[in-house]
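Let's take a walk through this model together. Have the sequence and the structure open as you read.

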Amino acid sequence: MAELAQTEKKNRTCVFLAIGVVLLLSLFPLLSPPAYFLSMLYMVFLYVILAESWNIIGGYAGYLSFGHVAFFGLGAYTTAFLMNKLALSPVLTILSAIPGGFVAALVALAIGYPCLRLRGPYFAVVTMCFAFVVHMVMQNIDLFGGVEGLWLAAMKQPIQVIRGIFYELMLALMVLVVLFVRWMEGSKLGKGLVTIREDEEVAQTLGIHTPRVKILAFVLSAFFPGVAGGLHAYYLTYISPENVFDVMVSILIVLMTLFGGGGSWLGALIGAVSLSLVNEFLTTFVGAEIARIIYGMLFIVVIIFMPNGIMEFFRRRRRIRLAAEEVPES
Amino acid sequence: MLQGEKITKRFGGLVAVSRLDFEIGEGEVVGLIGPNGSGKTTLFNVISGLYTPEEGTLTFRGRRIEGRKPYEVSKMGIGRTFQIVKPLLTMTVLENIAIGALYGREGARDMKSALAKSEEILRFTGLEKRRDVLAENLKLADRKRLEIARAMATRPEILLLDEVFAGLNETEIDEAIRLVKGIQQKFGTTIFIIEHVLKAIMKTCGRVIVINFGEKIAEGTPEEVTRNPGVIEAYLGNAPGI
């Protein structure tokens, strides 16, 4: 009982801590810091959203999608297209990120049905090809600007204010996504996904409608990147197939999630925050080329010594320590 | 309650199950025995929906089930275990059972109520001391128990047990026999069981079906079947001159 009360207390401390951090982050733009810091944190939030979303299908269900940037790009294009066609006001443009999410989710629904029948490396390859196909299609449709891409009219505000607005929006979306994934982890859906990851045959014989559950996970994991893509398009004010369908993004979000620990909301959060910060700092202070090398070596170390992510690495060590403490009693 | 008529399952040119007829009545404990590779597990896979038979019909409580998906079959009340145990390694014992309660025939609304429902089965299967142990840390006998517990959590009307005694020692076999008998007595679950351990068959089954090369070669009480010359030949080979 005492132990239970203690974990309860510990949990409450964590919740307060998290609320505190989010509050501090949301107040940060008021200090009018250099725009550089705002955009750096903005990118961190963006990567957390992408990694957490990927985690739903890749981490919990174990279906490693290597084409998730497609959903991000589709969201970006939806918003850019809607803004240009309907001459939307700034507020409506921001809101048009939501249809961006729906477009991404709809595409996920369509391709998920055939793709989710494949497992393991086949699924990874087919999702990667899917992203290339979307990239090529967007490049060749004049309606969407072709290779040249699309421009979005920037807000008529000082750059500092614009950066602040997008910073807050991305922060809000990140909090929403993290809370959603955290809730999902303990939900019926989350447990079903983990069962599918562990053994799909067992999942089926226990009564889990696996095709339906997998599609739902895939659609959810596409929706949030779509919304984030819509916001990001307006933030950039210029999008082209080259920059919103960059295959590196697909790979990075996979690595971030696995680095932190797939199948855990906290793991994806830690992975995305740490790696995007490391990337930023190295690029800024050491130089992009060296940054890539260090980054690459870091992955090798992680994959050899902590194949299940840093979360699992520390949890396992703790378990071993606890087990060692128990031995003398028996 | 469960009937199969002329069930045939082929893999390319290989006929794994051939025009097999069987029937299992409510509350029975029926054994399915046969040499290795005789098609026992294939038959279980056909019943539980993992395989679709090429020919024949399967009827469960008056409804045709051949070719239905495993999750449909499970929801109709047919539970199963796997010969090669498949615990969900990253979950605790109680969580493993709860997945059955969560998605099974009675389906819980959320994980919390599924966990609550699972406590009874945890105690019944004698796993309460292992409640919070990760499944990857269980020894084989406990993994077999867990396999049964998880299938029971789906609240099946008929339970297909695939070699739950294999690889266990004498004491563990006795415990497992008590468990299987208990399932039938306490929950009234009908049981269809594949087994090689003769002692277990003798003590649990009222009736035994023997198959070889996918065909039924004998059926009857355990005593009748073990005296049947055809069955002895299937297991030991024929001895010319005797």
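How many bridges join strand β3 (residues 29–33) of chain B to strand β9 (residues 207–212) of chain B? Four, and the two strands run parallel. Strands count as paired here if DSSP finds at least two bridges between them. Within this pair, Leu32(B) sits opposite Ile209(B) in β9(B).

Some ground rules before going on. This is a predicted model, so to speak of local features a pLDDT of at least 70 is needed, side-chain atom pairs count only at pLDDT 80 or more, and totals for chains, interfaces and linings use all residues. Residues are numbered from 1 along each chain as its sequence is written, while chains are lettered from A and ligands numbered from 1 in the order in which they are written. Helices (H or I, at least four residues) and strands (E, at least two) are DSSP runs, numbered from the N terminus.

As for confidence, pLDDT is the predictor's own score for each residue, from 0 to 100. Chain B averages 93, with 98% of the residues scoring at least 70. For the complex, the predictor gives an ipTM of 0.92 and a pTM of 0.92.

**The sheet in chain B**

β3 and β9 belong to an open sheet of six strands with mixed pairing, in the order β6-β7-β8-β3-β9-β10 (chain B). β6 (78–80) and β10 (215–220) of chain B are at the edges with a single partner strand each, so one side of each has no neighbour in the sheet. On average, neighbouring strands are turned by 20° against each other, direction ignored.

Two helices come up against this sheet. Helix α1 (residues 40–47) of chain B lies across β3, β6, β7 (158–162), β8 (190–194) and β9 of chain B, at about 150° to β7(B). Helix α6 (residues 170–187) of chain B touches β3, β7 and β8 of chain B, and its direction makes about 155° with that of β8(B). Angles run from 0 to 180 degrees between N-to-C directions, and axes are lines fitted to C-alpha atoms, for helices over the stretch in contact.

Elsewhere in chain B, strand β1 (residues 2–11) and strand β4 (residues 55–60) pair in the antiparallel sense over five bridges. Here Leu2(B) stands opposite Phe60(B) in β4(B). Phe60(B) also has a bridge partner in β5(B), namely Arg63(B). The hairpin of β4(B) and β5(B) has two residues between the strands, and Arg61(B) takes a positive phi near 50° there.

Two packed helices are described by the angle between their axes and the distance between the axes.

| Pair | Angle | Axis distance |
|---|---|---|
| α2(A) and α13(A) (residues 265–286) | roughly 140° | within 8 Å |
| α2(A) and α12(A) (residues 247–260) | about 75° | 9 Å |

The α12(A) pair is therefore roughly perpendicular. Angles under 35 degrees count as roughly parallel, over 145 as roughly antiparallel, 65 to 115 as roughly perpendicular and the rest as oblique.

**Where the chains meet**

The contact takes 22 residues from chain B and 17 residues from chain A, with residues in contact if their C-beta atoms, placed from the backbone, lie within 7 Å.
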